[in-house]
Amino acid sequence: MSNSKLATYTKISPNKTSPRNHKIDTITIHCVVGQCTVESLGNVFASPSRQASSNYGIGSDGRIGMYVEEKDMAWASCSKSNDQQAVNIELANDQIEGEWHVSDLVLSRCIELVVDICHRNGIKRLNYTGDASGNLTMHCYFYATACPGPYLKSKFPYIAAEVNRRLDELTYQDYIETLPDRGYFLKGDGYKDNIKMKDQIKHIQRFLNWALGLNISVSGKYGDATEEAVRNFQKAAGIAVDGSWGKNTLAASRTFTK
């Protein structure tokens, strides 16, 4: 289990459980309740008497600090079950009390960090539900606290949408890097137990879902729905429409922008 290379400051807290007993599948975002640097936040978490920590923190200047490695559980949300599966992130405020506002810079860096965490840990999408059933959660779901404050609470739908948009782009890049230049995929391909072919067709289906805003099944089976989606993509790309995924279609996918 790796850590984020976006972190430029590290001060490991003694307040942690090592190792965590659950794979990472959740992100929990907190507010610091004040302005701070990554160093000052590290000093807070360095005290055993605090009995608190976070995996990452973002200071007022946008720098990212790491205080508990991702392989370990931070003591952050007052819920062991949540902390075992979540990466916890503390954000510095630029307003004391009131809305507990967070600067655009800190919010932007948070989104970058969350995308990185999700991509490395195989979290395909964030599902913000407004309660603890989703995988984008708040401290207040598990404890009677105002954290993360009114402003950040209002930004959770935006955070989820922006992270998912960027994850979709990363999925597309993964597709481009993975699918080789090879012959044609035709309707009916993928029915047999050709694992490599099925995986390649799944990449095509993911790309079509991203490019055209579809929701076709990522099955590895080049059936009617996939053929129709390929035709629609070929029309949008201005190339010959035949429903097969050949070199011209692959080339068009590599220059496609939404």
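Trainee: Why is strand 3 called mostly covered?

Mentor: In this predicted model, six of its six residues are buried. Buried is the word for a relative accessible area under 20%.

Trainee: What makes strand 7 and strand 8 partners of strand 3?

Mentor: Pairing asks for at least two bridges. Strand 3 is joined to strand 7 (residues 86-91) by six, running parallel, with Cys31 bridged to Leu91. To strand 8 (residues 136-138) there are three, again in the parallel sense, and Thr28 stands opposite Thr137. Both counts meet the cut-off, so both are pairs. Strand 7 is also joined to strand 4 (residues 56-58), by three parallel bridges, with Tyr56 opposite Ile89.

Trainee: Why are strand 1 and strand 8 said to stand at the edges?

Mentor: The open sheet has six strands in the order 1-5-4-7-3-8, with mixed pairing. Strand 1 (9-10) and strand 8 each have a single partner strand, so one side of each has no neighbour in the sheet.

Trainee: What makes the buried residues of helix 7 line one face?

Mentor: In helix 7 (residues 247-254), the buried residues are Thr249, Leu250, Ala252 and Ser253. Viewed down the helix axis, they fall within an arc of 160°, so they line one face. On the other side, Lys247 and Asn248 are exposed.

Trainee: How do you know that the disulfide count is zero?

Mentor: The rule wants two cysteine sulfurs within 2.5 Å. For Cys78, the closest cysteine sulfur is that of Cys147, at 9.3 Å, too far for a bond. For Cys140, the closest is also in Cys147, at 7.3 Å, and that is too far as well. By this rule the count is zero.

Trainee: What makes the backbone of Glu97 and Cys78 worth a look?

Mentor: Glu97 has a positive phi of about 65° although it is not a glycine, and it sits in the loop between strand 7 and helix 3 (104-121). Cys78 also has a positive phi, near 65°, in the loop between strand 6 (73-74) and helix 2 (80-85).

Trainee: Which residues line the second largest pocket, and of what kinds are they?

Mentor: The lining has 20 residues, with Phe45, Arg50, Ala52, Glu90 and His139 nearest the centre. The elements giving two or more are strand 3 (26-31) and helix 1 (38-45); helix 1 gives the most, four residues. By kind, the lining divides into twelve nonpolar, six polar and two charged. The volume of the second largest pocket is about 370 Å³.

Conventions:
Residues are numbered from 1 along each chain as its sequence is written. This is a predicted model: local features need pLDDT of at least 70, side-chain atom pairs count only at pLDDT 80 or more; totals for chains, interfaces and linings use all residues. Side-chain values use heavy atoms; hydrogens and water are left out. On a 1 Å grid over the protein atoms alone, a cavity is a set of points where a 1.4 Å probe fits but cannot get out, and a pocket is an open set with protein on both sides within 12 Å along at least five of seven lines; lining residues have an atom within 4 Å of a point. Grid points are joined across faces, edges and corners, and a volume is the space filled by probe spheres set on the points. Ala, Val, Leu, Ile, Met, Phe, Trp, Tyr, Cys and Pro count as nonpolar, Asp, Glu, Lys and Arg as charged, and the others, Gly among them, as polar. Buried means under 20% relative accessible area, exposed over 50%, partly exposed in between (1.4 Å probe, protein chains only). The arc is that of the directions from the helix axis to the C-beta atoms.
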